[in-house]
Amino acid sequence: MEVAWAVGQVGALWVAVVLGLIVVPSALGISLGISEAYMWVLVKTLEWATRRLQKGAKKPQPQMLQTPTANGIIERDETPMEQEIDRLHRADFEFSHIFYFCRKGFEAIVEDEVTQRFSSEELLSWNLLTRTNVNFHYISLRLTIVWGIGVIVRYCFLLPLRVTLAAIGITSMIVGTTVVGQLPNGSVKNYLSEVVHLTCSRILVRALSGTIRYHNKENRPQKGGICVANHTSPIDAIILTNDGCYAMVGQVHGGLMGVIQRATVKACPHVWFERSEMKDRHLVTKRLKEHVADKSKLPILIFPEGTCINNTSVMMFKKGSFEIGGTIYPVAIKYDPQFGDAFWNSSKYNIVSYLLRIMTSWAIVCNVWYLPPMVKKEEEDAVQFANRVKSAIARQGGLTELPWDGGLKRAKVKDTFKEEQQKNYSKMLVRNGSVG
Amino acid sequence: GLLSREDFQRIPELAINPLGDRIINAFFPEGEDQVNFRGFMRTLAHFRPIEDNEKSKDQNGPEPLNSRSNKLHFAFRLYDLDKDDKISRDELLQVLRMMVGVNISDEQLGSIADRTIQEADQDGDSAISFAEFVKVLEKVDVEQKMSIRFLH
């Protein structure tokens, strides 16, 4: 009896502390500096750990930290097919032509550009999380102790805190939007809806210990526009709504997600599609066009890659979003993997274990760049426009640009690409006009 | 710890390679559908660059997998579909067909194949043996073309 009462007291105290120190300031948009202090301690600890690891390693590796992993592990010969085969001075077939295809094939087997994007990025230096411990072995007792303390801090203190915050955030989002949704349409409703969305986003970001730096805020998406960003995880949406209000686009889900969707759509004109509607591309485009045409509606948020990529590169942008018209506001999101891996590997983890992993990382640190708005030019088609936007985002975020489709995560590559290679080779063989 | 053909097919850059299927086939020993890590490494070892200091040591031991001769043998096996140690006109035609797709007619392809065999064939059996294959490629820098270098 007494135990239950004591537990109840502790629980009440806990909730009061959380509310006072975190929820209320975030609702008002001010910061008490607690997370900054936490980040500072974290950075210092990780730097210390890196130095210990470097000392512990027997051979000197000063160049390891500078080599960007984007270079890859093998030397690739990028000479195009024509030059390579041309070097043999004859355009007719030779047995040695096979070497070109053979080597390209083996290079792809050893290390290819695409499949590595669907798994988490490897870190250059250990960040004291077991899950990123790829190559690092036991170095010293002190390091292990620090790691142990880290485990305790993360699981026993941070995790419950974050789960509490997330629960508060989601509940207030549902309750808040339902309440606001009852009001008649008008400017009061819109204002209140913005307040509710922003507050809940801020609470949820605190729930992830997120530190987000926004750059170029003057380019923030305006009403009646379309915001496109690279996709790394479901958290991307929360990261962006922390700084502005958007109309989300997506499929209607069941469960908790469905409840959230139904509640929020009353307050703010999000665009939720039924599963059957998603298959009909014209219907989708029509609804989005209507939304964009109404200049008083919030900007739409779209992730044109269509799937989560591991934040080292930007893959093909599907042209559908770029056919709607209107102004495109590109946004580049780059996470810092040192503090926590935000990538959702949906083939490996389901959403719950993903959220658990996120909540037991150190923090989510990311940079968000708002890029100047872009409009489709007369002479370019949707695909070229999509590529142009993709390049801009990749360049800003320091990501590699890949022409491959993110759908290759699950599907096989189309035969048309193989046929293109075959066509190029054939052109070379008969180039002289003389064959045989 | 075993790889199947589907695992290789999942690599997009390999799947679009016209000779992708032949390359994948090279990993799997006769009649088997799975390859373990050892077998995988054995095949990849053909692409190790040849180092100068290796030439002098171990003259009596078995030839290393990445010697010039073994690299050439590997390429020979890519052509030799039925593994009878000869590249016949049919086999050459089939490999050529893989490389050019549908873009060249049968007659043109046939004459390319005939010309190639004619130039390389020395003993007049209308097929290329390994020795004739080596002779044709004696001027080609096989080491450079069939090697993959690892960075640092």
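This is a predicted model: local features need pLDDT of at least 70, side-chain atom pairs count only at pLDDT 80 or more; totals for chains, interfaces and linings use all residues.
**Entry: chain B overall**

I began with the secondary structure of chain B, which comes to ten helices and four strands. Read from the N terminus, I noted the order of elements as β-α-α-α-β-α-α-α-β-α-α-β-α-α. The C-alpha trace of chain B spans about 45 × 40 × 30 Å along its principal axes. I then looked up burial: chain B has 152 residues, and 44% of them count as buried. For contacts in chain B with a separation of 6 or more, I found that 52% come from residues 24 or more positions apart. Chain B exposes about 8,300 Å², with 49% of that supplied by carbon and sulfur atoms. On charge, I counted 20 positive and 29 negative side chains in chain B, and the centres of the two sets lie 6 Å apart.

**Entry: salt bridges**

How many salt bridges does the whole structure hold? My search over all chains gave 16.

I looked at Arg220(A) and Asp243(A), whose closest N and O atoms are 3.6 Å apart in a salt bridge. This pair links distant parts of the chain, 23 residues apart: Arg220(A) sits in the loop between β1 (210–215) and β2 (226–229) of chain A, and Asp243(A) in the loop between α7 (235–241) and β3 (247–251) of chain A.

Next I took two pairs within helices. Glu290(A) bridges to Lys286(A), with 3.5 Å between the closest N and O atoms. Both residues belong to helix α10 (residues 281–293) of chain A and are four residues apart, about one turn of the helix. I recorded Glu290(A) as partly exposed, at 47% relative accessible area.

In chain B, Arg115(B) forms a salt bridge with Glu119(B), the closest N and O atoms being 3.0 Å apart. Helix α8 (residues 106–120) of chain B holds both, again four residues apart. Arg115(B) is buried, with a relative accessible area of 12%.

I also noted a network of salt bridges that links Arg103(A), Lys104(A) and Glu107(A).

**Entry: positive patch**

Which residues gather in a patch of positive charge on the surface? I listed Lys44(A), Arg51(A), Lys55(A) and Arg142(A). Helix α2 (residues 34–56) of chain A gives the most to this patch, with three residues. Lys44(A) is found in that helix and counts as partly exposed, at 43% relative accessibility.

Terms used. Residues are numbered from 1 along each chain as its sequence is written. Chains are lettered from A and ligands numbered from 1 in the order in which they are written. Side-chain values use heavy atoms; hydrogens and water are left out. Patches are made of residues with over 30% relative accessible area and no salt bridge: like charges are joined within 9 Å, nonpolar side chains (Val, Leu, Ile, Met, Phe, Trp, Tyr) within 5 Å. Accessible areas come from the Shrake-Rupley method with a 1.4 Å probe; for residues, only the protein chains shown count as cover. A salt bridge is a side-chain nitrogen of Lys or Arg within 4 Å of a carboxyl oxygen of Asp or Glu. Lys and Arg count as positive and Asp and Glu as negative; His and the chain ends are not counted. The place of a charge is taken as NZ of Lys, CZ of Arg, CG of Asp or CD of Glu. Buried means under 20% relative accessible area, exposed over 50%, partly exposed in between (1.4 Å probe, protein chains only). Contact means heavy atoms within 4.5 Å.
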